[in-house]
Amino acid sequence: MRALVKTVAGPGLELRDVPEPPVGINDVLIRVHRTGICGTDLHIEAWDAWAARAVRPPLVVGHEFVGTIVEVGSNVTDFAPGELVSGEGHVVCGRCRHCLAGRRELCAHTIGLGVGRDGAFAELVALPMTNVWHHWPGIDEDVAAIFDPFGNAVHTALAFPVLGEDVLVSGAGPIGLMATAVARHAGARHVVVSEPNPFRRELALKMGASLAVDPACGGLADLFAELDMVEGFDVAMEMSGHPAALRAALGAMAHGGRVAVLGLPSEEVSLDVGEIVLKMLTLRGIYGREMYETWYKMTVMLRSGLDITPVITHRFPSTDHEAAFAAARSGDSGKVILDWTAGTRQ
Ligand code: NAD
Ligand code: ZN
């Protein structure tokens, strides 16, 4: 089968023929239709310090996908050939305290699809049945392909109640953009997006932001009067991974504010802990998605009118993976989709 492979420990990816993945008795084999490019894939392609630590080539990359089931292992029930599915990209151990208690997102032994095991940028991907999620017939397959990062957005946006609250989203990458739409759908009063890139600020407005501001142009507190806010934000979502953004968010929180931190800084960040204490803030780290409450929430929100389609800005056939990765890396993009079915749909 064709797959996008990190062949050697260095920059680049190669579209090449590899053996089909083995299908264990608990596995589901899926024919991949479309995939989404994630920041993780960009790190692996560029072979930065994180990738050099985390990845052992050769590796089929990618973890955001939608496809149809072609085969199931002998132990698999509830899944059948022909069904449209996506996969949860975190493969957990199933045996630790948290897994046994049903808190699988807290598993400390998680293996990432397309990071620690062969991934989904391929014609076929195999996953344990416990990682497979059914879609409803007729779902937009571009949306279905990005359930994994959409799940990051939903898990973060619903980490704290947002009904009637004033919400700050720092960073309008694909996840911040989707979180903006979710916070709006969940009843936030204002959703202010802070983002340096003008293309992404424009997208943030399309996703339902009340305001999209450039962090280089004035402090967040300057906006409060315009938005009829008194003290500061009630809820913030850090979705940039940039230390300055987290510090700015903490400075703009109301007393008792809640901060969900999803963005991954590349190094240690120093914070004013006194501010966290005196404002009585709650900070919560968010990793992955809840299995499978987040997936359920994604499904029901989409079916009750949530629209995340403006986040999808580019579509390429898998043979044009270099152009697709360049578009994702440019920053002047939302979500970039690769099509793995035959033909050259644009
Ligand atoms: P992205 O890199 O596309 O988006 C980050 C955005 O932040 C960019 O648009 C950038 O211009 C903006 N930004 C830079 N400096 C800023 C500042 N000072 N203030 C506000 N915005 C600023 O990333 P993404 O794919 O949307 O992911 C968001 C973050 O979440 C990344 O840090 C990523 O590593 C992390 N991530 C975490 C998880 C998890 O499970 N915790 C999963 C996926 C991604
Ligand atoms: Zn576990």
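Predicted model: local features only at pLDDT ≥ 70, side-chain atom pairs only at ≥ 80, totals over all residues.
You will find Asp 228 in the loop between β13 (211-213) and β14 (233-238). Asp 228 counts as exposed because its relative accessibility is 57%. Why point these out? Most residues other than glycine have a negative phi, and most peptide bonds are trans.

Going from Pro 57 to Pro 58, the bond is cis, with omega near 0 degrees. Pro 58 belongs to the loop between α2 and β4 (59-60). Another cis bond joins Met 291 to Tyr 292, where omega is near 5 degrees. Tyr 292 is in the loop between β16 (282-285) and α10 (293-303).

Now, on to the metal. Which residues hold the zinc ion, ligand 2? The donors are the SG atoms of Cys 93, Cys 96, Cys 99 and Cys 107, at 2.3 to 2.4 Å. Along the sequence, their spacing reads C-x2-C-x2-C-x7-C. And why is the arrangement around this zinc ion called tetrahedral? The four donor atoms subtend angles of 104 to 118 degrees, and that makes it so. For reference, the ideal angle for four tetrahedral donors is 109.5 degrees. Cys 99 counts as buried because its relative accessibility is 8%, whereas Cys 93, at 33%, counts as partly exposed.

Next, ligand 1. There are 22 residues around ligand 1, and those that come nearest are Glu 195, Arg 200, Leu 264, Ile 286 and Gly 288. Sorted by class, this shell has 11 nonpolar, nine polar and two charged residues. Several contacts come from the backbone. A polar backbone atom of Gly 288 is 2.8 Å from an oxygen atom of ligand 1. For Leu 262, a backbone N or O atom lies 3.1 Å from a nitrogen atom of ligand 1. With Pro 174, a backbone N or O atom is 3.3 Å from an oxygen atom of the ligand. How much of ligand 1 does the protein bury? On its own, ligand 1 exposes 850 Å², and the protein buries 79% of that.

One more residue I like is Glu 88, in the loop between β6 (84-87) and β7 (90-91). Is Glu 88 buried or exposed? Its relative accessibility is 0%, so Glu 88 counts as buried. What does its side chain reach? It comes to 2.9 Å from the backbone nitrogen of His 90, and it also makes a polar contact with the side chain of Trp 295, at 2.9 Å.

Last stop: Ala 54, which is in helix α2 (residues 49-54). Ala 54 counts as partly exposed because its relative accessibility is 32%. Ala 54 and Gly 112 are 58 residues apart in sequence, and their C-alpha atoms are 9.8 Å apart in space.

Note on methods. Residues numbered from 1 in each chain as written. Chains lettered and ligands numbered in written order. Heavy atoms only, no water. Donors = N, O, S within 2.8 Å, 3.2 Å for Na, K, Ca; no water. Tetrahedral: all angles 85-135°; square planar, octahedral: opposite > 155°, others 65-115°. Buried < 20%, exposed > 50% of the residue type's maximum accessible area, 1.4 Å probe, protein only. Near = heavy atom within 4 Å. Polar contact = N/O pair within 3.5 Å; in protein donor to acceptor, adjacent residues only side chain to side chain. Areas by Shrake-Rupley, 256 points an atom, 1.4 Å probe, with all protein chains shown as cover. Nonpolar A, V, L, I, M, F, W, Y, C, P; charged D, E, K, R; others polar. Helix = DSSP H or I, 4+ residues; strand = E, 2+ residues; numbered from the N terminus.
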